[in-house]
Every structure is written in C-alpha cells, then in structure tokens.
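Dear colleague,

Please find the structure below, together with its sequence. My notes on it follow.

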Amino acid sequence: MKYIRVRKDKHNIKHFYVQIRLAGERPIYNSFYSKKAAEKFVRQILVSSDQGKLLHHQDKKSFEELARIYLNEVSINYSLSNEQATVYVVNRMIKDLPPHPIKLDILNYRDRLKTVKALDTVRKRITTIRLIYQHAINEKLFSITDPTVGIKTPSYNNERSRRPSFYELKLLCKHSSPRMWSYIRLAIQTCMRRGELLNPNKKNIKIKDGYLIKLKNHKTHKKIGERVIPISKKSKKLFDKVTHIKTEAFKTEWRRLINKTKIKNLRFHDLRHDGISRLFENGWAIQEVALVSGHHSWSSLKRYTNLKEETILKKF
C-alpha cells in the first residue's frame, strides 16, 4: 500500500508526505516539496521491491545506534573539549528526534531550533546529523537513506569586527594575573592563535634583528608543514618570562577574567583581530601582515582587518 498526502507546515509550505507499506518491511516514510519527486520515489521503491533489491531497511539501525557508532569511531579523535561538546549535543538530539527520523522530522527539528537557538548552533546540529548518517553509509556500508539530503542549513554572517577598547585593555590588565596579561600582550603583538601561543613545541631561532618561531601549519591550511613567524625582541622576552599552561586551564582562567571584568562579547581570538588590524594601521603591506598572521589569501585575511576610524583620520 502507498499513500501520498499533502501537508502544510507552520510557514504554509506544501510537503508531499509519502508512506509505503510492504510485506515483511517496516513502513517507509519520506517527504518532498513536489508531487513529481514523491511519485518518483514511490516508483523506485516498488520497482526495487519487485526485483528483490529493496535494501532500504535491511540494516534496521536506529538513530541512537548510528550516533553511538559515530561517537565511538569519529568524535573520539577530536580534542577533549570538542569531544565533550559533541557527546552533549548528540545526546540531546537522541532525545529530541524519533528512533527512525525521516526528512520531515529533521525539518521540524530545524525549525524548532531556530526559535530558541542561534543560527550557528542550528547549522552545527543539522551538520552533525548529516555527518552521522554519512559515516554510517560511507564507512560502515549500512543500507539506509540519509534524511538530511536536500535540507538547507540556515545561512548567517559569522564575521566578527570586535576589538577591545583601550578601557577594556586597562580592565584586563588590572584584573588578570601576570601570566594571563603576558599572554594577552603576546596575542596582540604576535597575532598568534591561542593554540599556537600555548604550544610547548615551539622552536625559537635567533637572527640579527629579532627571533623567528617555527610552528606546524594550522589545521585550516591544506599544506602540511611548518610556518615561520617573525617576532620582536620584546615579544621574545615575554615568551621567556611566561610559564606554560594547559589549554583547558587557560580557557577557565580566561572565562573567569571576562566574568570578573564584566566585558561583553569579547573572545581571546579577538585579540588576534586587534593585532592584525594594528599592523595595517601602522602601514604594513598585505604581504608583510600575511607573513606574520599565517594567512595564505587576502579573502581570509581581510576578515581580520577591522580598522578604527580614529586612526585613519590621523593620516589626513
């Protein structure tokens, strides 16, 4: 038996809801935006059933089982903080989604999230569901369909233009520990990422007018290798003075500092934005700034360029 019903969601958009019941199989559900696509799906299922090639439900794995496989085989390779975040998000999705979600369930879940979560969070949740199914299909070779196919994730602008003001830097200096204040100064002076600053395997090379730091390329770079960062003698003295701290301890200390100073919407990575913008304000060329920041293209570098109007006015 097969049914094609027309339903409307809360945005008054039509969905063609397909239900197919075959002997020896649990019901097959799906939804489409057009009747033509729904009828094509029904024909494909019936033809596959007649030919004995219906593999749609051979592996009757629930979403929870697929999610556990993903956590045990993929997210275990993430960093500790990312793994913990992924486990938390997946456990929430297991509670919010039915055991065998169809496309309509994912669409409703996405629309519910939009009302209570930021668009970036919604995008990450839908992407995680998609990764769970892709891992099951491509790596484990389960004969299942991906219900996230054709579902659009919400678009948003994640470019930040946040830079700490002079008053905020004074607050950070007043309330931070000597070690944290040294890291704040280094983030602005060297334009290095938090992970690069905390990396204990940095190699220092002394040259005539300063020092060079050798680091492995960041994970966003396609080429695997090392990059060289020029730093001043002033920054080298700060590196020598500062003591090493683990990443999790550093994050905790930074959060406490932000809560103590009551500075809103400031991330440690924004200090890197500030450092790069200061180099441009001081008249550095694009190639010179890219050598310090480690960017390989102007399109990615310009996102970090948040010049202040007051500084530009002094050039007139």
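In which helix is F239 found? F239 is found in helix 9; helices (H or I, at least four residues) and strands (E, at least two) are DSSP runs, numbered from the N terminus.

Please bear in mind that this is a predicted model, in which local features need pLDDT of at least 70 and side-chain atom pairs count only at pLDDT 80 or more, while totals for chains, interfaces and linings use all residues. Residues are numbered from 1 along each chain as its sequence is written, and side-chain values use heavy atoms, with hydrogens and water left out.

The protein chain has 14 helices and six strands. Of its 316 residues, 40% count as buried (under 20% relative accessible area, with exposed over 50% and partly exposed in between; 1.4 Å probe, protein chains only).

Helix 9 spans residues 233–241, and its buried residues are S235, K236, L238 and F239. These residues lie on the same side of helix 9 because they cover an arc of only 160° around the axis, taken from the directions from the helix axis to the C-beta atoms. The face turned away from that buried side carries the exposed residues K234, K237, D240 and K241.

Why does F239 count as buried? Its relative accessibility is 12%. Leaving aside residues up to four places away in sequence, F239 touches L186, T190, M192, L197, K202, I213 and I231, where contact means heavy atoms within 4.5 Å. F239 and Y183 are 56 residues apart in sequence, and their C-alpha atoms are 8.6 Å apart in space.
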